[in-house]
Amino acid sequence: MPDIILSIMIFVPISTGLLLLLVPAGKEAARGVGLVVSVIVVLLSLKLFFSFSGAAATFEFAQKIPLIDSLGISYSLGVDGISLLVLMAAATLFPMVYLLFKSREKGYYSNLLIVQGAMIGAVCASDMVLFYIFWEVMLLPIFFMIGFYGGPNRLAATLKITIYTIAGSLLMLASIAYIGVAYHAQTGQWSFDMANLAQMSLSGSTATLAFIGFMIAFAIKIPLFPFHTWLPDAYTEAPTGATFVLSAIMAKIGIYAVIRFVVPVFAEGMTNYGLLLAYAGVIGMIYCGVTALAQKDFKRMLAFSSASHMGVIAIGIFCMNVQALTGTLYQVVAHATSTGVLFLLLGIIEERMETRNIEDLGGVAYKAPVFALFFAVAMLASVGLPGTSGFIGEFLIILGAVKFNVTIAVLTGTTLIVGVCYMLWMFQRVFFEKNNQKTETFQDLTLIETLTILPIIILIIFMGIFPQPFIQKITPAAEHHTARHQAASGSSVHLADNRVLQISDKQEKD
Amino acid sequence: MEQTATYLVYIPLLPLIGALVVGILHLATCRTNRLPEKLYGILGCIGPVLSFILALRVFFTLKGLAAEERVLTQELFTWFSVGELDVSMGFLADPLSSLMLIFVTLIGSLIHIYSIGYMAEDRNFGKFFAYMNLFLGSMLILVLGAGPVVMFVGWEGVGLCSYLLISYYSEDRDNVIAGNKAFIVNRIGDLGFVLGMSFLFWGIGADGFDFLSLKANAHNLTPALGITVCLLLFVGATGKSAQIPLYVWLPDAMAGPTPVSALIHAATMVTAGVYMVARFSFIYAHAPVAGAVVAWTGILTALLAAVFAMYQRDIKKILAYSTVSQLGYMFAGVGVAAYSAGIFHVFTHAFFKALLFLGAGSVIYALHHQQDIWKMGGLKEKMPITYKTMLIGALALAGCPPFSGFFSKDEILYSALATGHYGIWLVGVGVAAMTAYYTFRMIFVVFHGQPRDREAFNHAHEPSKVMTIPLIILAVGALFAGFLNLPGIFGGDLEVSHWLAPSLVEHHPHTSWFVELLAIIISIGAFALGFRAAYRKFGAGADEPSYTGFKQFGYRKFYVDEIYHYLIVAPYQLTGKAISYFIEPYITDGPVKLTSWLYKMAGAAFKLVQVGYVRVYAIYMVIGLSIMSLLLAQSLNL
């Protein structure tokens with residue numbers, strides 16, 4: 001029965017997490033349970049990945065149970081090429097968190113379990129209301145994790161992320177209601193199923209408002225400039241596990257949600273505001289990248305770095321061609337793995353040396369060569385070096401952006417430069433130069449830690465050399481998606497095409 | 001027309017496997033028991049040597065085919081395919097790449113062997129060989145890549161290795177900064193490369209994004225797009241091959257171990273830009289405007305770097321600027337569409353410059369890491385093999401007939417003249433004289449005259465055979481490589497140019513033999529002039545000059561580094577600080593802060609009335625009731 005595989009992946013972690021809260025279990029037991037559940041999810045997701053065909057650009061492993069018939073709300077799940085890789089990121093990376101960090105409270109692990117289930121639910125939901133429910137559920141554990149287990153300024157950070165997120169959620173809820181009503185007005189029926197909603201194309205000023213509502217909600221989560229200001233505080237104050245969840249996976253669900261819910265329904269909005277949003281991505285990328293350079297706190301630097309890369313990933317959505325969109329979907333996993341490993345390794349530094357101040361570190365590479373090697377591979381993937389997963393996505397996004405808009409493309413390309421500036425300078429001060437008292441005694445990764453991270457390091461390189469097995473599962477959906485958007489928005493495609501062709505026009509005059 | 005050759009993949013793969021094996025061994029043992037260095041040395045050299053043998057096999061296989069059929073390909077798998085874009089992981093060996101293959105693997109192998117001696121006392125011996133193997137593998141991917149994207153893999157891979165090896169002595173901050181600089185400056189170039197590739201793809205890439213398909217479809221590329229692509233790709237070349245305005249990283253790159261300078265920053269990697277332009281000759285040949293930009297950038301870089309080289313006192317810096325300058329010549333060659341002349345200079349330069357660097361390495365090694373030429377002197381007797389081989393290298397670099405550099409440089413200058421680029425030719429001749437001057441300034445100061453540091457001199461001695469034999473082999477190359485491409489006037493038939501012809505789109509210009517002869521005489525004159533000036537000043541040993549006036553200006557490289565720092569680096573850092581300490585907290589985050597502030601204020605305002613005494617609330621109630629009654633009365637018109 002492959003139909004319920006998604007439900008299992010959603011509800012086993014959530015129910016285990018809730019159960020853990022109720023029973024009096026110790027830290028170690030909680031960690032063990034979390035680990036076992038996360039490994040089960042990994043195994044299920046691998047089974048799902050290999051049996052996913054992707055050829056038809058439709059939902060696979062679909063499951064649908066009507067919930068509220070009168071409003072057309074249903075419990076409907078499914079995976080297609082758009083959600084596959086996001087789902088894989090949400091499903092496969094968690095065991096590392098359980099394996100690497102031991103001394104946490106029971107509630108910490110319980111929240112991790114709940115957030116994982118909810119995120120998988122949000123990615124698989126094909127009903128907009130169901131998505132909203134999972135979306136809200138996945139946010140709560142993050143508040144708790146930052147609020148209970150965070151750093152010294154955790155309360156301010158929690159307050160900020162709460163204000164931001166609630167504002168976003170309310171806007172989204174209003175927009176979802178509007179979409180439901182609009183669908184009812186057009187067809188006389190109630191439905192929140194994406195398969196139905198995608199059939200209509202909304203236009204007019206109310207639709208624009210709803211579009212903006214949706215975009216703000218997701219722009220906060222991604223985050224898109226200028227809605228990113230919660231991120232440095234939240235990432236920095238959050239315990240490593242929560243930072244990992246936020247940066248590696250939850251940000252990608254924001255990206256995913258734009259592609260899944262906003263692009264199909266608001267073709268007009270995307271056509272009108274796509275360029276503006278792409279500029280938001282570019283400005284965010286440069287702004288956060290330049291800011292990362294000035295950070296003294298290692299974690300804050302990585303937070304800005306992550307935000308900078310999310311800008312690039314977002315640009316791929318707005319270019320609306322298959323290359324850029326595929327690049328974005330690929331980069332979702334590439335960035336999840338690279339940034340995830342970076343935050344986890346930083347967590348290890350923080351645990352062992354009790355400092356995150358870059359100036360306090362130095363010479364780590366001599367004391368911990370394996371640690372340094374892993375960090376370097378993840379860093380190089382993050383800056384998009386060919387041979388790592390990071391290159392494929394970034395290249396496809398830049399290539400697609402050239403077709404969309406040359407200015408956007410050139411500015412997007414500067415990520416190649418912006419990224420290495422802060423990364424190399426950090427690498428110099430943390431891993432090279434001379435040892436000091438703090439780093440003198442730094443222990444290299446233990447065997448278990450090495451074996452925990454090694455699969456992801458191998459995956460980063462594998463995905464750089466053999467991306468096609470992944471890409472062939474997502475391109476049909478991406479093609480379908482862009483083709484439908486282009487059909488819905490008509491003229492915008494020709495506009496985009498012209499930008500490259502302008503050059504050829506000029507030459508004919510020469 | 002093309003044949004498949006299933007062994008092509010092994011050419012880059014063998015050094016890569018070597019890197020993996022040596023790297024893992026080093027990683028597993030570096031903290032506890034170190035493995036014998038010989039083991040690393042042997043493991044490190046196996047890959048390059050086997051690749052060299054395979055490179056020879058490629059060459060002879062191609063030679064056995066008819067000229068226009070000299071193409072070997074191998075497609076491994078579809079790398080990624082999205083919409084119209086279809087990139088396969090494949091390799092292409094044609095006359096152009098086979099020439100590159102041979103000298104890259106030969107010089108690579110020799111420098112690996114030399115390193116066994118040079119790096120003998122290094123505690124990270126294994127790491128060094130892992131990086132060197134990784135470099136060679138990347139370089140071979142660059143050379144063999146069947147399409148621009150695969151080429152870019154090697155392109156960035158060599159950049160990474162360059163960074164790792166420049167920062168090799170990473171405890172010293174300056175070395176790491178030099179490595180960072182190399183990586184970042186190269187990345188600026190790579191942006192051009194990526195954008196150039198993207199434009200090229202949207203122009204003509206839909207029917208296959210590999211060199212053969214692109215070449216077949218090149219006629220569909222509109223001239224304006226062609227120029228755009230050429231200029232963007234050339235931005236990439238200025239980064240990798242250290243041309244104006246991105247040359248600044250190369251002299252600093254001398255912070256790496258000397259064998260690295262010889263292999264990466266002289267013989268192979270830095271010539272990748274020239275190779276790339278030649279590889280894209282099917283586009284550049286139709287974009288003479290872009291070609292002119294390339295040629296002028298090249299020759300002006302040659303001039304500027306030659307000026308700097310005349311005033312440097314660090315032996316490696318002299319050679320580094322000399323490399324920048326020679327790379328400028330190569331771009332002048334490919335810029336005037338004399339692609340084979342440019343590539344031939346890449347070829348000969350690889351021998352004599354690697355030789356000079358390794359020779360300099362022997363000197364530095366013998367003098368315990370002394371690099372200042374004004375602390376050397378009189379080493380001719382102490383180090384006869386190094387002296388003689390370096391002399392051959394110097395004669396080749398300075399363009400003395402019949403050494404290899406003379407023929408290859410002359411071919412470029414002649415091509416410039418014959419295609420009507422008189423300005424480029426004139427500057428080129430001037431630079432030739434300067435080249436002879438700075439080269440022999442170095443030779444005379446280091447090897448002739450009296451020792452300036454008696455203590456170091458007494459300890460100096462010729463290095464072991466593992467270091468001198470590569471020097472001798474390279475000297476043979478530096479001496480004779482030029483004969484491979486003799487022009488008709490010397491009784492040759494431009495064999496290398498003919499060999500390369502099927503890979504390139506170029507037309508050999510024809511002029512009268514009188515012009516050709518005149519050009520040669522003027523070139524020889526330039527050499528003689530420069531040599532004579534150097535001999536008169538330094539031939540009998542000279543005292544360290546005082547660096548004042550223009551000398552100081554030249555020694556400080558016209559303060560270009562400082563200008564870049566104050567115009568680009570410092571403002572960039574300042575922007576980062578400004579955003580993180582001012583713009584982010586007070587402007588971008590302003591609305592959020594304002595919201596929470598308003599909430600607080602509203603709360604405080606309400607707090608004033610919520611005092612908690614029943615009597616006060618009773619008054620509120622009375623006031624409220626009164627107002628309500630009044631309103632009620634009003635609305636009822638009472």
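## Strand β3 of chain B

Seven of the nine residues of β3(B) are buried, so the strand is largely enclosed by the rest of the structure. A residue is buried if 20 or more other C-beta atoms lie within 10 Å of its own, exposed if 12 or fewer, and partly exposed in between, with C-beta atoms placed from the backbone. Strands (E, at least two residues) and helices (H or I, at least four) are DSSP runs, numbered from the N terminus.

This is a predicted model: local features need pLDDT of at least 70, side-chain atom pairs count only at pLDDT 80 or more, and totals for chains, interfaces and linings use all residues. Residues are numbered from 1 along each chain as its sequence is written, while chains are lettered from A and ligands numbered from 1 in the order in which they are written.

## Strand pairing in chain B

Strands pair if DSSP finds at least two bridges between them. β2(B) and β3(B), the latter covering residues 85-93, run antiparallel and are joined by nine bridges. S81(B) has D86(B) as its bridge partner in β3(B). V82(B) stands opposite L85(B).

Q3(B) is bridged to L72(B) in β2(B).

## Chain B overall

Chain B has 27 helices and three strands. Its C-alpha trace spans about 125 × 65 × 55 Å along the principal axes. Of its 638 residues, 56% are buried. Among contacts in chain B with a separation of 6 or more, 82% join residues 24 or more positions apart. Contact means C-beta atoms, placed from the backbone, within 7 Å.

K127(B) lies in helix α4(B), residues 125-144. K127(B) is buried, because 20 other C-beta atoms lie within 10 Å. K127(B) and Y40(B) are 87 residues apart in sequence, yet 9.2 Å apart in space, C-alpha to C-alpha.

## The interface between the chains

The interface brings 49 residues of chain B into contact with 52 residues of chain A. On the chain B side, β2, α5, α6, α8, α25 and α26 each supply at least two residues. α6(B) gives the most, with 15 residues.

By class, the chain B side has 25 nonpolar, 16 polar and eight charged residues. Ala, Val, Leu, Ile, Met, Phe, Trp, Tyr, Cys and Pro count as nonpolar, Asp, Glu, Lys and Arg as charged, and the others, Gly among them, as polar.

## Helix packing in chain A

Two packed helices are described by the angle between their axes and the distance between the axes. Helices α1(A), residues 5-22, and α2(A), residues 27-51, have axes that come within 10 Å and cross at roughly 175°. That makes α1(A) roughly antiparallel to α2(A). Axes are lines fitted to C-alpha atoms, for helices over the stretch in contact, and angles run from 0 to 180 degrees between N-to-C directions. Angles over 145 degrees count as roughly antiparallel, under 35 as roughly parallel, 65 to 115 as roughly perpendicular and the rest as oblique.

In this contact, residues of α1(A) including I5(A), I8(A), M9(A) and V12(A) meet residues of α2(A) including V37(A), I40(A), V41(A) and L44(A). The contact has 13 nonpolar, two polar and no charged residues.

## The nonpolar core

The largest nonpolar core has 431 residues. Such a core is a set of buried Ala, Val, Leu, Ile, Met, Phe, Trp, Tyr and Cys residues joined through C-beta atoms within 7 Å. L85(A), A89(A), M119(A), A354(B) and A478(B) have the most contacts inside the core. Not counting residues up to four places away in sequence, L85(A) touches L329(A), Y330(A), V332(A), V333(A), F470(A) and I474(A).

Note on methods: Two residues are in contact if their C-beta atoms, placed from the backbone, lie within 7 Å.
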